[in-house]
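Hi there,

Here is the structure I promised to pass on, with some notes to read alongside it. Have a look first, and then see what follows.

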Amino acid sequence: MADTIVRRKTTQVMVGNVGIGSDYPIRIQSMTNTDTEDVIATTQQIMELADVGSELVRITVNTDKAAQAVPEIVSRLAKYGYDTPVIGDFHFNGHRLLSKTPECVAALAKLRINPGNVGRGQKRDEQFASLIEMVVRYQKPVRIGVNWGSLDQEVLARLFNENQNRAIPLANDMIMREAMIVSAMESVAYAKSLGLRDDQMILSVKVSQCQDLISVYQDIAGKTDLPLHLGLTEAGMGTKGIVASSAALSVILQQGIGDTIRVSLTPLPGAPRTEEVLVGKDILQSLGFRLFTPKVTACPGCGRTSSDYFQRLAQDIQGYLDDAMPKWKTVYPGVESMVVAVMGCVVNGPGESKLANIGISLPGSGEAPVAPVYEDGQKTVTLKGDHIADEFTEIVKQYVERTYGK
């Protein structure tokens, strides 16, 4: 399906070894929630995020000790064999931190700057210029990231004043979105006047409400050809955060807008940070933009499926595929496109199994205790007895070796 979507043409930006822009896949990134001063904990979390598929990881740089820790974090990652680009997130005092610790800039793959909180009045221009000049000196890319919750108040006030003079004033939320775009584009122009090139800039205009996010990205996409980073500022917790991110990002991505995404989920206390990466991968794979792991099509269950056997089998198969993928993706090219069907009764079971690369139709309530297996649309064997799960797993393994091991 994604083959029919024409992505918006952008300039290309290299962040470390990762290319961002329309010539590259839509990238997934995440952010640590450790104290950056804690080198060991931050390094460990970056590795955990990279292991599940985060292609770039952002860290907070908010204190002198955090800035001093960055080179050691990057060095430790390299020692452990990780070349994941590390992005520094700067607010309020970035100009001071970097002037005191230039080795922090040298170690980072990219900087994120929020125009809304680099300073006020004359200091804003001076401090923004200080950051950009450091970026130019070390030839680093930067994301100019405008947030609804920390919008440049001078730009906002100016636009509200202009709006009062309109014959038909715009609604406040429209002015807010316009202010975000104006702040982003004025910051781009100022950065370019200081020597920053187009191939060093990525933009974001992030809000926390779905419809506002869709509108503001639709608007800014027509005003620049810089790559765009997508994401709700705060998606929320659990299913609400997952649904909100999926709903908003899918609409924008479907229009060909967006070059890198982050799903900003609030994790439960003590829960791993990795869920936001897995959700981002699922969004891109569901839309057909990227393939990361074989898909398991599983029956949702109904009154015909009184047993939970098919649910447990589907879960076991998905776990088996996920565990196998680190090795498979290196020796079985194309395996990530495979579809496995685990169905629970005769209504849709045979049909879905035939449409998948490989599928099994388990017996529903009152059906004969047999499970036909289909490979590439053809029934190859019928399983029965107490070891269906193990036998089907072995059949999947053999199918992968035979089909993708050529």
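**Around Asn 114**

Leaving out residues up to four places away in sequence, Asn 114 touches Phe 90, His 91, Gly 145, Val 146, Asn 147 and Ser 150, where contact means heavy atoms within 4.5 Å. Before going further, please note that this is a predicted model, in which local features need pLDDT of at least 70 and side-chain atom pairs count only at pLDDT 80 or more, while totals for chains, interfaces and linings use all residues. Residues are numbered from 1 along each chain as its sequence is written, and side-chain values use heavy atoms, with hydrogens and water left out.

You will find Asn 114 in the loop between β6 (110-113) and α5 (121-138); helices (H or I, at least four residues) and strands (E, at least two) are DSSP runs, numbered from the N terminus. Asn 114 is buried, at 1% relative accessible area. Here buried means under 20% relative accessible area, exposed over 50%, and partly exposed in between, using a 1.4 Å probe and protein chains only. The side chain of Asn 114 also makes a polar contact of 2.7 Å with the side chain of Ser 150. A polar contact is a pair of N or O atoms within 3.5 Å; within protein, one must be able to donate a hydrogen and the other to accept it, and residues adjacent in sequence count only if both atoms are side-chain atoms. Asp 152 is 38 residues from Asn 114 along the chain, and their C-alpha atoms are 9.0 Å apart.

**Thr 305 and the cysteines**

Thr 305 sits in the loop between β13 and α11 and is buried, with a relative accessibility of 10%. Beyond its neighbours within four places in sequence, Thr 305 is in contact with Phe 310, Gly 344, Cys 345 and Ser 365. Thr 305 and Cys 345 are 40 residues apart along the chain, yet 6.7 Å separates their C-alpha atoms. A polar atom of the Thr 305 side chain lies 2.8 Å from the backbone nitrogen of Cys 302.

How many disulfides does the structure hold? There are zero, a disulfide being a pair of cysteine sulfur atoms within 2.5 Å. Cys 345 has its closest cysteine sulfur in Cys 302, and the 5.2 Å between the two sulfurs is too far for a bond. Cys 345 is buried at 6% relative accessibility, whereas Cys 210 is partly exposed at 23%.

**Pockets and a cavity**

On a 1 Å grid over the protein atoms alone, a cavity is a set of points where a 1.4 Å probe fits but cannot get out, and a pocket is an open set with protein on both sides within 12 Å along at least five of seven lines; lining residues have an atom within 4 Å of a point.

The largest pocket has a volume of about 980 Å³. It is lined by 32 residues, and Val 52, Lys 281, Gln 285, Phe 292 and Thr 293 are the closest to its centre. The second largest pocket holds about 290 Å³, and among its 17 lining residues, Met 31, Arg 58, Thr 233, Arg 262 and Ser 264 lie nearest the centre.

The search found one cavity of 30 Å³ or more, lined by Leu 265, Pro 267, Pro 272, Arg 273, Glu 275 and Glu 276. Volumes are the space filled by probe spheres set on the grid points, which are joined across faces, edges and corners.

Best wishes
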